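Biologist: Please put the chain up, and then take my questions in turn.

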Amino acid sequence: MITTLRLQASAILLGGLLAGPVLRTDALAQEGPGQGYAKIASGAYSVVAEVRAKPGKEAELRAVTLPLIDLVRSDPANLVYFLQENRETPGHFIFYEIFANEADFESHNAMPYVKEWFAKLPELADGGVKVMRMQILAPAGD
């Protein structure tokens with residue numbers, strides 16, 4: 001009996017280690033996949049931007065860009081902010097940002113930390129920042 005219990009306990013422990021973390025299904029049911037999308041209105045102001053480091057400046061550009069994550073996400077006007085780096089081309093960064101409207105985005109660009117970041121680009125970036133200004137679309141009825 002004791003051996004059986006030990007084997008069962010070992011199997012449960014080993015199963016948990018092999019399967020990774022256990023997800024709480026009650027939390028997923030309440031929050032559910034995609035629930036955050038409801039916070040973004042159709043027509044919201046979206047920006048996709050890219051910047052490429054000059055050869056040999058990849059680490060420096062990354063170092064001055066990473067602090068933007070916390071700074072932009074702490075801005076109450078910012079709804080979504082992701083900084084991404086191309087796995088195959090280090091130093092090639094893509095920004096994905098969503099604001100409720102263009103005025104909020106322009107206010108963001110006027111922030112001192114954004115201006116400071118842009119001021120460093122002539123030394124670090126090849127060709128500046130390419131920006132696509134977009135709008136969020138939603139299915140009919142949303």
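Modeller: Start with a pairing: β1 and strand β3 (residues 92-99) run antiparallel and share eight bridges. Strands are DSSP runs of E with at least two residues, helices are runs of H or I with at least four, and both are numbered from the N terminus. Two strands pair if DSSP finds at least two bridges between them. This is a predicted model, in which local features need pLDDT of at least 70 and side-chain atom pairs pLDDT 80 or more, whereas totals for chains, interfaces and linings use all residues. Residues are numbered from 1 along each chain as its sequence is written, and side-chain values use heavy atoms, with hydrogens and water left out.

Biologist: Which residue of β3 stands opposite Val48?

Modeller: β1 covers residues 45-53, and β3 pairs with β1 in the antiparallel sense. The residue of β3 opposite Val48 is Tyr96.

Biologist: In β4, which residue is the bridge partner of Tyr45?

Modeller: Strand β4 (residues 125-135) is antiparallel to β1, and eight bridges join them. In β4, Tyr45 is partnered by Gln135.

Biologist: How many of the nine residues of β1 are buried?

Modeller: Buried means under 20% relative accessible area, exposed over 50%, and partly exposed in between, with a 1.4 Å probe and protein chains only. In the protein chain of 142 residues, buried residues make up 24%. β1 is mostly covered, and its buried residues number seven.

Biologist: Is His92 buried or exposed?

Modeller: His92 lies in strand β3. Contact means heavy atoms within 4.5 Å, and leaving out residues up to four places away in sequence, His92 touches Glu50, Val51, Arg52, Gln84, Glu85 and Asn86. Because its relative accessibility is 9%, His92 counts as buried.

Biologist: What distance does the polar contact between the side chains of His92 and Glu50 have?

Modeller: A polar contact is a pair of N or O atoms within 3.5 Å; within protein, one must be able to donate a hydrogen and the other to accept it, and residues adjacent in sequence count only if both atoms are side-chain atoms. For the side chains of His92 and Glu50 the value is 2.5 Å.

Biologist: Why does Asp126 count as exposed?

Modeller: Asp126 lies in strand β4 and, its neighbours within four places in sequence aside, is in contact with Arg52, Ala53 and Lys54. The C-alpha atoms of Asp126 and His92 are 9.8 Å apart. Asp126 counts as exposed because its relative accessibility is 51%.

Biologist: Which backbone oxygen does the side chain of Asn78 reach?

Modeller: Asn78 is found in strand β2 (residues 78-85) and is buried, with a relative accessible area of 9%. Residues up to four places away aside, Asn78 touches Val72, Arg73, Ile98 and Phe99. At 3.0 Å, its side chain reaches the backbone oxygen of Val80.

Biologist: Which elements give two or more residues to the lining of the second largest pocket?

Modeller: A pocket is an open set of points on a 1 Å grid over the protein atoms alone, where a 1.4 Å probe fits, with protein on both sides within 12 Å along at least five of seven lines; lining residues have an atom within 4 Å of a point. The second largest pocket has a volume of about 200 Å³, the space filled by probe spheres set on the points, which are joined across faces, edges and corners. Of its 16 lining residues, the closest to the centre are Glu97, His108, Asn109, Trp117 and Phe118. The elements are β1, α4 (68-73), β3, α5 (102-109), α6 (112-124) and β4.
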